[in-house]
Amino acid sequence: MIDYKRAVALQKKLAEHVFREIDSFPDISLESIRYIAGVDAGYSRGYMVGVAVLLDFKTESLIRYSVSWKKPPIPYIPGLLAFREAPAYIAALKKLGVEPDIIVVDGHGLSHPRGLGIATHIGLVLDKPCIGVAKKRLYGVERVENGKRYLYAHGVRAAEIITHKNKDLYISIGYKIKLGDAVEIIKKTLKPQYKLPLPTAIADQITKKLTHKKRK
């Protein structure tokens, strides 16, 4: 069983490191991106599957995907999702055999009670630009500025809220990316047939097929 206090203390310590770096996060242009990855997780018969997909950013075609089955290391605990799901995501991402330029995670980044959501956790571990895209607010104060909706958390503009298919999406800084670049990238991957950005939407489809098969 996870030591909750130690896990929280670790999140706070790692978040301090990220916030010290935030002003030096690089600019990322759409033209510089070749590969984008998305991750998703599913559960079946006591196991968790982490799925990573690799897409060509310009053509939006699926290049490959990889899978990692694991026993969930801890039960679901609000605020500690990364300790439960990140190991499977990271294992699946490493199996891709190609390093993506951007990773998209179904979850939050800096817009987390301790500034270390699963998108930040994964980006920090892999030292890669990472974006969190969530369907619900977890933490932060919403402010409207110049007609745009933002979430402020821990003294920074951590996320932007956009509407897609009449639903809110919370696009947050994960790691090594500026919010404006993250929003531009995600908007490029939104498609009318999917509620989620294309990388995580495809990962979600594969996850559902795998967990359905395992239940049989």
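Which residue forms a salt bridge with aspartate 127, and how many Å apart are the closest N and O atoms? The partner is lysine 176, and the closest N and O atoms of the pair are 2.8 Å apart. The structure described here is a predicted model.

## Overall form

The protein chain contains 5 helices and 9 strands. Read from the N terminus, these elements follow the order α-β-β-β-α-β-α-β-β-β-β-β-α-α.

For 216 residues, a compact globule would have a radius of gyration near 17 Å, and the 16 Å of the protein chain agrees with this. Along the principal axes, the C-alpha atoms fill a box of roughly 50 × 45 × 30 Å. Of the 216 residues, 55% count as buried. The accessible surface amounts to about 10600 Å², and carbon and sulfur atoms contribute 51% of that area. Among contacts with a separation of 6 or more, 66% are made by residues 24 or more positions apart.

The 9 strands of the open sheet are arranged in the order 3-2-1-4-5-9-8-7-6, and their pairing is mixed.

Strand 7 (residues 148-153) pairs with strand 8 (residues 156-164) in the antiparallel sense, over 5 bridges. Within this part of the sheet, leucine 151 has alanine 159 of strand 8 as its bridge partner. Elsewhere, helix 2 (residues 81-95) lies across strand 1 (35-44), strand 2 (47-56), strand 3 and strand 4 (102-105). The helix runs at about 135 degrees to strand 3.

The structure holds 10 salt bridges. One of them is the pair named at the outset, lysine 176 and aspartate 127. Lysine 176 lies in the loop between strand 9 (167-175) and helix 4, while aspartate 127 lies in the loop between helix 3 (118-126) and strand 5 (130-134), so the pair ties together parts that are 49 residues apart in sequence. Lysine 176 counts as partly exposed because its relative accessibility is 26%, and aspartate 127 is also partly exposed, at 43%.

A further salt bridge joins the side chains of arginine 149 and aspartate 168, at 3.0 Å from N to O. This pair links strand 7, which holds arginine 149, to strand 9, which holds aspartate 168, across 19 residues. Arginine 149 is partly exposed, with a relative accessible area of 24%, and aspartate 168 is partly exposed at 27%.

The side chains of lysine 191 and glutamate 60 meet in a salt bridge of 2.5 Å, N to O. The two residues are 131 residues apart: lysine 191 is in the loop between helix 4 (179-189) and helix 5 (198-215), and glutamate 60 is in the loop between strand 2 and strand 3.

Glutamate 60, at 28% relative accessibility, counts as partly exposed. Salt bridges with shared partners join Glu60, Lys188 and Lys191 into one network.

Technical notes. Residues are numbered from 1 along each chain as its sequence is written. This is a predicted model: local features need pLDDT of at least 70, side-chain atom pairs count only at pLDDT 80 or more; totals for chains, interfaces and linings use all residues. Side-chain values use heavy atoms; hydrogens and water are left out. Two strands pair if DSSP finds at least two bridges between them. Helices (H or I, at least four residues) and strands (E, at least two) are DSSP runs, numbered from the N terminus. Contact means heavy atoms within 4.5 Å. Axes are lines fitted to C-alpha atoms, for helices over the stretch in contact, and angles run from 0 to 180 degrees between N-to-C directions. A salt bridge is a side-chain nitrogen of Lys or Arg within 4 Å of a carboxyl oxygen of Asp or Glu. Buried means under 20% relative accessible area, exposed over 50%, partly exposed in between (1.4 Å probe, protein chains only). The radius of gyration is taken over C-alpha atoms; the globule rule is 2.2 Å times the number of residues to the power 0.38. Accessible areas come from the Shrake-Rupley method with a 1.4 Å probe; for residues, only the protein chains shown count as cover.
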